[in-house]
Amino acid sequence: MPTYLARRIGQSVLTVFLTLTTVFLLVRLAPGDPASAYAAPNATSADLARIREQFGLDDPLIVQYGLFLRDLFTGDLGTSYSFHSPALDVVLDRIPYTVTLAVSAIAVTTLVAVPLGVWMARRADTRRELGANVLTIAGQSMPDFWTGVMLLTVFAVVLPVLPASGFTSWSGLVLPTATVAVLQLALVSRLVRREMTTALASSYITVARSRGVRESALTWRYALANSAVPLVTALGTRFAALLNGVVVVEVVFGWPGVGSLVVRALETRDYPLIQATVLVTATLAILVQLLVDLAYPLLDPRVRLGKAA
Amino acid sequence: MAEVTTTAANTPTAESTPLLDATDLQIELITAHGVVRAVDGVSFTVRRGETVTLIGESGSGKSTTAMGVLRLLPEGLAVMSGSVRIAGRDVVADPGAARAVRGRTVSLIPQDPMTALSPVHTIGRQLGDALRLRHPGMSRTQARDKGVELLAQVRIPQPRTRWKAYPHQFSGGMLQRILIATALAAEPELLVADEPTSALDATVQASVLDLLMELQERTGIGMLMITHDLGVARLVSDRIHVMKDGRFVESGSAEDIVERPAEPYTRELLAAVPRLGAWDEDGDERTEPVAQGAAP
Ligand SMILES: Nc1ncnc2c1ncn2[C@@H]1O[C@H](COP(=O)(O)OP(=O)(O)OP(=O)(O)O)[C@@H](O)[C@H]1O
Ligand SMILES: [Mg+2]
């Protein structure tokens, strides 16, 4: 177990490092020039050269990378071009919002999708189940932009019960959460339905039924416990994805998370900010994945960490 | 639970009402390849203290009959007709009756021990649940003590330490014995045993059969036994029904069927199946061959 953990952490660090390196190179190799983004419209080529020098972009790529690494190991990710403050701090300021939205969306998704999926599995192929199924597919196919604008129109404009934008009180969390959850809901409830349908048809369920175990216990104790690994995997993956920020939803609702920050960093070619964002979100995502993996043996005793799963 | 335990023992007609009385039982299975009539009008009776055996080649409909008796075939994919009375209550006509008798009046020893227990729950949890369903007042500790005792009865070594083990930590033969213990936890009056010894090696097989017969002598339990093995059938049965393509081709006392088989099909079964104890080469790990495709 300790060796497993050490190896996994080593792998994680390597993954983050490689991701960061790739991003470092890609932003610099992509066409476009930060200097022109920050120069005055009538800037001369001398002005541009001076900005490039100030940003350290006039050095050869390999030298830039070396300096980047040197600073990285001291925890310095450079100064954001557009915020004029340490890039890492800019990102870390946004992280609580992103984590709040991600946790809230995953919690709502779980609380709704699990009972819904179980219900669909129990009622498989009845007319009402078909209706629910169609609805979830609709939810899944709806662009989050559209869902967001719909919810915004209904609950903030037509019936002004919820704030339309920003995060000034907890009620500001409701609409962004709902928008993200609608998409996740469809994916997760259909996964629960599939897994539960398989589990409920298993031999151990029939045998437990022969012992007089009630249908509710068969469903919630036996079948659900046997669906836990794929369910937790899916929820973990979704959660990790949400930690990267939900760009469209954040923009629609003016949510000050990492997603809207990324858009701004890309638009302004703010290299240090892009790099800091990637470092933080990749680390979070990998951490979540690690926790999910560590949970497997608790969910299924046949899984042994470090062995092929 | 408000279920009345209308068991044969405490009704006035206890002696005359058979534990199990199937009349013209027909079961059609809806499969991907159309409707299969897996059981085609069979009638049989099991009284207390009796063992009635169904024997027949793979795919002849034995398991379908057993599962139908307990109404455990998937609703919507299996169509039953005729009647199956368990302690007087018709489970074909009344799904509630089936729920009421399962785990109380009747229990099942399933055919494939490898898939019959939930892989993510300990065997103690599953056996303990069975005990506590039967005795709602029982505490977890009491259930554990009783369960350990049952495991010892079916010769699981170190039952107390094994209580917390998971199904994948046991061999097929041990799982089959754990399933027997779980079935006995219900203290049933009728035991439906679908090849209860098929995954056991010869010595354990004999001792498990001994256990079941001793239990029967002591408690007067009735048994519907399913087996491939005429040696086993002869040893334990009062009556044998020989099954082929969902029908009984021959029925009679154990001795008549084994010593004086009338049907060529029965004689083939006699010739094909080795005697008790002749299949111990691969020992405890033996699992049942897949049933598919063997039907004529
Ligand atoms: N789930 C299923 N899907 C399709 N056909 C099935 C299914 N279960 C049983 N059958 C069919 O029903 C018939 C009876 O099968 P059953 O399992 O009752 O036989 P069996 O006598 O118990 O065989 P075995 O000795 O191999 O256990 C066979 O023709 C089989 O192919
Ligand atoms: Mg069978």
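These exercises work through a predicted model, from confidence to ligand shell to ring pairs.

Residues are numbered from 1 along each chain as its sequence is written, and chains are lettered from A and ligands numbered from 1 in the order written. Local features need pLDDT of at least 70, side-chain atom pairs count only at pLDDT 80 or more, totals for chains, interfaces and linings use all residues, and side-chain values use heavy atoms, without hydrogens and water.

**Exercise 1. Find where confidence in chain A is lowest and highest.**

Start with the scale: pLDDT is the predictor's confidence in each residue, from 0 to 100. Chain A averages 86, and 95% of its residues score at least 70. Next, go by element; helices (H or I, at least four residues) and strands (E, at least two) are DSSP runs numbered from the N terminus. The lowest mean, 72, belongs to helix 7 (residues 144–158) of chain A. The highest, 96, belongs to helix 9 (residues 203–210) of chain A.

**Exercise 2. Work out what surrounds ligand 1.**

Count the shell. It holds 15 residues (a heavy atom within 4 Å). Among the closest are B:S58, B:K62 and B:T64. Sort by class: 3 are nonpolar, 9 polar and 3 charged. Here Ala, Val, Leu, Ile, Met, Phe, Trp, Tyr, Cys and Pro count as nonpolar, Asp, Glu, Lys and Arg as charged, and the others, Gly among them, as polar. Helix 1 of chain B gives the largest share, 3 residues.

Now read the distances to oxygen atoms of ligand 1. A polar side-chain atom of B:S58 lies at 2.4 Å. One of B:T64 lies at 2.5 Å. For B:G61, a backbone N or O atom lies at 3.1 Å. The protein covers 72% of the 630 Å² of accessible area that ligand 1 has on its own (Shrake-Rupley, 1.4 Å probe).

**Exercise 3. Classify the ring pair B:F44 and B:F248.**

Apply the rule: rings of Phe, Tyr and Trp (its six-membered ring) pair if their centres lie within 6.5 Å; planes under 30 degrees apart are stacked, over 60 edge-to-face, the rest tilted. That gives 7 aromatic pairs over all chains. The centres of B:F44 and B:F248 are 6.0 Å apart and their planes stand at 50°, so this pair is tilted. The pair links distant parts of the chain: B:F44 sits in strand 2 and B:F248 in strand 10 of chain B, 204 residues apart.

Note on methods
A polar contact is a pair of N or O atoms within 3.5 Å; within protein, one must be able to donate a hydrogen and the other to accept it, and residues adjacent in sequence count only if both atoms are side-chain atoms.
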